[in-house]
Structure formats: structure tokens, C-alpha cells
Amino acid sequence: LTSCSMFGMKYLPEGEIIETVYSPDGTYKINSFLVSGNATVAFCVRCEVVENSSGEKRNIYWEYRCESADIVWIDNTTVEINGRRLNVLVDSYDWRAE
């Protein structure tokens, strides 16, 4: 896990929605998006967490060479996306930081 602010997680391409998965208590949802590649770039998956009462959004997941998001809520603030566990309040994953 890393702070991805230096990599511009705020300005990722939108993509097309794959699915929405709600936290067990309904406070948050994770929207996953498929960002299409082109002739020289592979597909990517972007996930954002949305705080349902305020509508506030934050990108928390960005993976290259990926076409799906396996999203499992562990508890009300912890989610696992493609095997990476994140606290939606503070964590993010960006493949570019590896």
C-alpha cells in the first residue's frame, strides 16, 4: 500500500462501469470501472469508494493489465479488491508505485 497522491490518482480516466458493491452497513460503495486500452496500452481497472450520504468519491484502486475486479467487503471499512486489502478511509493501491 502506498500514498498515490504523487502519481495523480485523482485524474485517472473514467472508464465504463463494471459493477457497484455496497459495504455491509450501506455507508460506502465501491464502483469498479474498466478503462479500455488501445493498440499500445492494455486494459486497466479503476475503483472508487463513494461515501453514500455525502456522495464524496475517491479513487482507491488502479491496476494495469487487468480486466475485472473481484470485490469483497471484509467489514464496514475494509475491502479486498483482486486480493489487495484496503481500508477505504485511508488506503489506496496504484500499480505504478510498485
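Q: Which residue is the bridge partner of W73 in strand 6?
A: In this predicted model, W73 is bridged to V79 of strand 6.

Q: What makes strand 5 and strand 6 a pair?
A: Pairing needs at least two bridges between the strands. Strand 5 and strand 6 (residues 78–81) are joined by three bridges, so they meet that requirement, and they run antiparallel.

Q: Why are strand 5 and strand 7 said to stand at the edges of their sheet?
A: The sheet is an open one of three strands, in the order 5-6-7, with antiparallel pairing. Strand 5 (71–73) and strand 7 (84–87) each have a single partner strand, so one side of each has no neighbour in the sheet. As for the angle, neighbouring strands here are turned by 25 degrees against each other on average, direction ignored.

Q: What is the strand order in the sheet of five strands, and which strands stand at its edges?
A: This open sheet has the order 1-2-3-4-8, with mixed pairing. Strand 1 (16–22) and strand 8 are at the edges: each has a single partner strand, so one side of each is left without a neighbour in the sheet.

Q: How do you know that strand 4 and strand 8 pair?
A: The requirement is at least two bridges. Strand 4 and strand 8 have two bridges, so they count as paired, in the parallel sense. Within this pairing, Y61 has Y93 of strand 8 as its bridge partner.

Q: Why is the aromatic pair of Y61 and Y93 called tilted?
A: The structure holds two aromatic pairs, and Y61 with Y93 is one of them. Their ring centres are 5.3 Å apart, and the limit for a pair is 6.5 Å. Y61 is in strand 4 (residues 57–64) and Y93 in strand 8 (residues 93–94), so the pair ties together parts 32 residues apart in sequence.

Q: How do you know whether Y61 and Y93 are buried or exposed?
A: Buried means under 20% relative accessible area. Y61 has 0%, so it is buried. Y93 has 7%, so Y93 is buried too.

Q: What makes the pair of Y64 and W95 stacked?
A: The ring centres lie 4.7 Å apart and the planes are at 20 degrees. Stacked asks for planes under 30 degrees apart, so the pair qualifies. Y64 is in strand 4 and W95 in the segment after strand 8, 31 residues apart, which links distant parts of the chain.

Q: How do you know that the charged end of R46 sits over the ring of F33?
A: The charged end is 4.1 Å from the ring centre of F33, and the distance limit is 6 Å. R46 is found in strand 3 (residues 44–51) and is buried, with a relative accessible area of 3%.

Q: What makes the contact between N59 and R46 a polar contact?
A: The two side chains come to 2.6 Å, and the limit is 3.5 Å. N59 is found in strand 4 and counts as buried at 13%. The side chain of R46 also makes a polar contact with the side chain of E48, at 3.2 Å.

Terms used. Residues numbered from 1 in each chain as written. Predicted model: local features only at pLDDT ≥ 70, side-chain atom pairs only at ≥ 80, totals over all residues. Heavy atoms only, no water. Phe/Tyr/Trp six-rings, centres within 6.5 Å; stacked < 30°, edge-to-face > 60°. Helix = DSSP H or I, 4+ residues; strand = E, 2+ residues; numbered from the N terminus. Buried < 20%, exposed > 50% of the residue type's maximum accessible area, 1.4 Å probe, protein only. Lys NZ or Arg CZ within 6 Å of the ring centre and 35° of its normal. Axes fitted to C-alpha atoms, helices over the stretch in contact; angles between N-to-C directions. Polar contact = N/O pair within 3.5 Å; in protein donor to acceptor, adjacent residues only side chain to side chain.
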